[in-house]
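Please look through the sequence and the model shown here before reading the notes that follow, which are grouped by topic.

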Amino acid sequence: TNQRPHFTIGVERVPSSGGDGSPLEIETGPVAGCLQGQTLHLTGDTFSAHFDFKARCGLIRHPLNLTPLDLTLKAIYAYYLLPEEAFFLHACAIVRKGRGYLFFGPSGSGKSTLARLAGDGVLADELVIVRKQTGRDGSPYAVFGTPFWGGMYVAAPLAKLFVLRFDRRSTALTPLTPVQALRRLLPCIGSFIPDGRYEAGLFGLASWLVQQIPCHELRFSSESSLERWLDASAG
């Protein structure tokens, strides 16, 4: 097409200390980052990335691996989301009867299990976008799937928030105050930009979210109990 791209990223392949490996291999490790003016700098053990938000272009130098590209794209999108009053959230999002339901919690809390049980109604089970809106569809927020890790290109008005927690003793639903919900929500927000002003903006959006959308803690004792609750309650 003749449309101008929103931004351009160059990719330069560099040798890997561990051999070529697989391009789908997921490497983990510390990543240093800083925002100098309008230029983002990211550096890991095997890669470096720089992106100029004013010029809308950047360069990634990395071995044959998708992790640096994935991380850099998330950081770029996160930067552009904030002015749109939107942010990334590590969560599972499902849609029932046209309404969106968000389930979040630390790793191992049950997000992937819930996504598998929810079937076709899953927007994403890893990373979603939450965006403030002007009351359309009866909700002040909307939830969107993302292209990261198999999310669907679908949006829905956000109806409820749930904090997932595995508890062998029982299955229970407990309402949370906005302050309680915010404390549980903040660690799950995708803060990919190492900048105080950016993080302050995220805090403001998250604070508004938990005041507008009801949040409950969902404790479940087994996969079958979670499935029964899902069938009976969400949506």
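Predicted model: local features only at pLDDT ≥ 70, side-chain atom pairs only at ≥ 80, totals over all residues.

**Positive phi angles in loops**

- R56 is not a glycine, and yet its phi is positive, at about 60°; this residue lies in the loop between β4 (48-52) and β5 (57-62).
- K97 is likewise not a glycine but has a positive phi of about 55°, and it is found in the loop between β6 (86-96) and β7 (99-104).
- Because its relative accessibility is 76%, and thus over 50%, K97 counts as exposed.

**Nonpolar cores**

- The largest nonpolar core has 50 residues, of which L89, L102, V128, V130, L158 and L209 touch the most other members.
- If residues up to four places away in sequence are not counted, the residues that L102 touches include L89, V128, V130, L158 and F162.
- A second, separate core consists of 17 residues, among them I94, Y101, V122 and W229.

**Packing of two helices**

- Helix α3 (residues 178-185) packs with helix α4 (residues 196-212) at an angle of about 135°, and their axes are 9 Å apart.
- At this angle, α3 and α4 are therefore oblique to each other, and their crossing is right-handed.
- In this contact, α3 contributes P178, A181, L182 and L185, while the residues from α4 include F203, A206, L209 and V210.
- The residues of the contact of α3 with α4 comprise 8 nonpolar and 2 polar ones, with no charged residue.

Key:
Residues numbered from 1 in each chain as written. Heavy atoms only, no water. Core = buried A, V, L, I, M, F, W, Y, C linked by side-chain atoms within 4.5 Å. Buried < 20%, exposed > 50% of the residue type's maximum accessible area, 1.4 Å probe, protein only. Contact = heavy atoms within 4.5 Å. Axes fitted to C-alpha atoms, helices over the stretch in contact; angles between N-to-C directions. Helix = DSSP H or I, 4+ residues; strand = E, 2+ residues; numbered from the N terminus. Parallel < 35°, antiparallel > 145°, perpendicular 65-115°, else oblique. Left-handed = near helix turned anticlockwise from the far one by under 90°. Nonpolar A, V, L, I, M, F, W, Y, C, P; charged D, E, K, R; others polar.
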